[in-house]
Amino acid sequence: MRRVTFSRNFTLSLSRTCRCYCKYCAFATHRAHLYAPDEVESVLDDAARRNAKELLVLTGEQPEVNSEVAARLRSYGHEDFTAYAVWACERALERGMLPHTNLGVLSKEDLARLREVTASQGLMLESVNPDLEAHRGSPTKHPARRLEAIRAAGELRIPFTSGILVGIGETPQERVQALEALAAVHAEHGHLQEVILQNFVPHPRYYGAEPAAIADDAQRSESHGRPAEMPAWGSDVTLDEMRLLVRESRRLMPDVGVQIPPNLSDWWLALVEEGATDLGGLSANGDHISPEHPFPSPHRMRKALQAGGHALTERLCVYPQYMDRDWLEQGVLDVIKASYWSFIPRRGSGRPTQRAIRRELVPAAIDRARHGAQLEAEELTALFAESRPEAIEDMRQAADELRAELAGDTVTYVVNRNINVSNVCVVGCAFCGFGQGRRSPDAYEHDREEFVRRVEEAVAFGATELCMQSGIHPDWGLADYEGWLRLAREVAPQLHLHAYSAMEVDHMCETSGLSPLEVFHRLRAAGLGSTPGTAAEVLHDGVRQRISPNKLPVARWVEIIEASHAAGLRSTVTVMFGHIEEPWELAEHMRVVRELQARTGGFTEFVPLSFVPYLTLLGRTHGIEEIPREENLKHTAAFRLALGRSVPNLQASWVKMGLGAATEALRWGVNDLGGTLMEESISRLAGSGHGVMLTADELIGAAHAAGRPAAERTTLYDIRRRHPVPLAA
Ligand code: SF4
């Protein structure tokens, strides 16, 4: 799945007075137009109420050329228009919004003044043709002036957005030349975060009317205005021409986003397929430049994109690679850290943390862990945060040695089938793409016939285990959960029933009034064979509060799993990592796991589950990206070392990381590849693209590819049949 981004913004057209006379522009006026400070404050309050993350400040160019505007600015206490824009940006920052300004061609000094209070700035190059009819009367539309300003922004290290206008009289060659010119400036300074490919659409004139009001109305009513006639100097643009420009942008600037405005044509989806990466700022108050064209709703775009395997996700106006002191002023960075910290990329060593990482502890910690010693929290924290390649290789080797000692060389797997009986859920975890409200069109609930059909399919497939987990269904009580177990046992008594997360068991306790131990006795009597150690996520209440505040707290998870062990049921244990957690929180997770295991010895295996962000709230609105493969593997080794001798089996989840990475993980401390699954919904609905089932042969093949023998196991790790490495031909 590929992410396609947009920014949730709100537009402030601070002044529409402009010194230029571009023929296509319905935004600018040559009369005095300037919002007063109290009007600005009121727009900003509205933006904050509507949860905008970005304030897009649009203006005409140098409005103070109009003497009335200049006089008003003076009366507000500002020496020039830039000072007023700075003031407005400061007010936005105070409200937790990140300003992105586009004030037209500015001097380097003015760009620098704005840099103090903005997260990013922008200026369209538009075209490299200096003689376009559409630009007559607009001296600052000369490409040399604009490239000079874009270059100055690069020298100042300003994260910058530029782009071209297509269909304003330029030739096809000139469009590509414009992209080449942008690529050349970007090669010098690396500051272009995205290029906009904007097709020109003719507008009606809005004499005497306020585009901001027209845009807001159009956005609220989702109604498009009537198309205006194409002027003689303009030209219609075809989809193929736009496709070519997307490809050229990707070729010339592979590290720069390609933005397509989704309100100006129906082809945005086709251009995403071609390689466009971004849909721009979807202003809650409409498009002030093309006010008669409302933005499609994110919900509608998300659905349309999802069908093609793309996940619509929010971004900030500043792209992740620029979120540091090199590119941003401290005051702006502080707003990101306070309000949007989850958008700050990991940079390979875990989240920025308040806690010191004691890297000097790593070599000795690896040595002790290699022999199964229990590590201290600070040591584990340092392992999870490690970024030095040689130290990571040492971790890998130590984890591999410990695996060989505790679990041998054999790579195990289980032939099993998942059944997620219903996805109806009332909990609403931010990391989950599976759970649905009861009234959601995507909600489902299997009936008995469907359930039986799936169990019979598992038997025909040769499964030994049925794994059952569902959402937290508001209508289900203990008897329903017992009912599914009894039905499965009736249809296939030979299957081991591995079922019900601690969250589901908590729900059974709540609805029945019974203790966890009593519930487990009942479930056991109904056929339960073991318990999945899911719903653990990160066993740290601070993390849980942030990603799943309605979920059971750590103490309750521990109580329930301990009760399952006390009832004679073994369980697995999981961790979900690679989202907002910090290294020391993973260290805490491992402390809880080890202590529980020391008390009960009930865990059969540890299963690291890397977070799949694409179709989850956490991924869509909090900027969390999928953990890179190398980081995933490093964490895998760290988990093995953190477990020491407490839990012998470490599983790689092919659903989360893909079979290729899972096979590689066999060198990083892993001895088990999990199950065939047959039906995998939870990761798939979060946007994982690694399939929903594997055959036993594929899992055996993966083990053999790693040069290791394979063996089919039962849920509780009894070996059923062995598959030695074939002798070389
Ligand atoms: S993770 Fe489980 S409890 Fe949370 S929303 Fe998804 S289905 Fe519901």
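This is a predicted model: local features need pLDDT of at least 70, side-chain atom pairs count only at pLDDT 80 or more; totals for chains, interfaces and linings use all residues.
1. The side chains of Lys53 and Glu314 come together in a salt bridge, with 2.5 Å from N to O; the term stands for a side-chain nitrogen of Lys or Arg within 4 Å of a carboxyl oxygen of Asp or Glu. Lys53 sits in the loop between H1 and E3 and Glu314 in strand E10 (residues 310-315), so the pair ties together parts that are 261 residues apart in sequence. Lys53 is buried, at a relative accessible area of 13%, and Glu314 counts as buried at 2%, where buried means under 20% relative accessible area, exposed over 50%, and partly exposed in between (1.4 Å probe, protein chains only).

2. Residues are numbered from 1 along each chain as its sequence is written, and side-chain values use heavy atoms, with hydrogens and water left out.

3. Asp216 forms a salt bridge with Arg50, and the closest N and O atoms of the two are 3.7 Å apart. This pair links distant parts of the chain, with Asp216 in helix H7 (residues 211-221) and Arg50 in the loop between helix H1 (37-49) and strand E3 (54-59), 166 residues apart. Asp216 counts as buried at 17% relative accessibility, whereas Arg50, at 25%, counts as partly exposed.

4. Glu625 and Arg3 also meet through their side chains in a salt bridge (4.0 Å, N to O). Glu625 lies in the loop between helix H22 (617-622) and H23, and Arg3 in strand E1 (residues 2-7), so the pair ties together parts that are 622 residues apart in sequence. Glu625 is partly exposed, with a relative accessible area of 42%, while Arg3 counts as buried at 18%.

5. Helix H23 (residues 629-643) has 15 residues and reaches 21 Å from its first C-alpha to its last, close to the 21 Å expected at 1.5 Å a residue, the expected span being 1.5 Å times one less than the number of residues. Of the 15 residues of H23, 13 are buried, so the helix is largely enclosed by the rest of the structure. Just after H23, Gly644 takes a positive phi of about 55°.

6. The structure holds 64 salt bridges. Arg417, Glu450, Arg453, Arg454, Glu457 and Glu679 are linked in a network of such contacts.

Note on methods
Helices (H or I, at least four residues) and strands (E, at least two) are DSSP runs, numbered from the N terminus.
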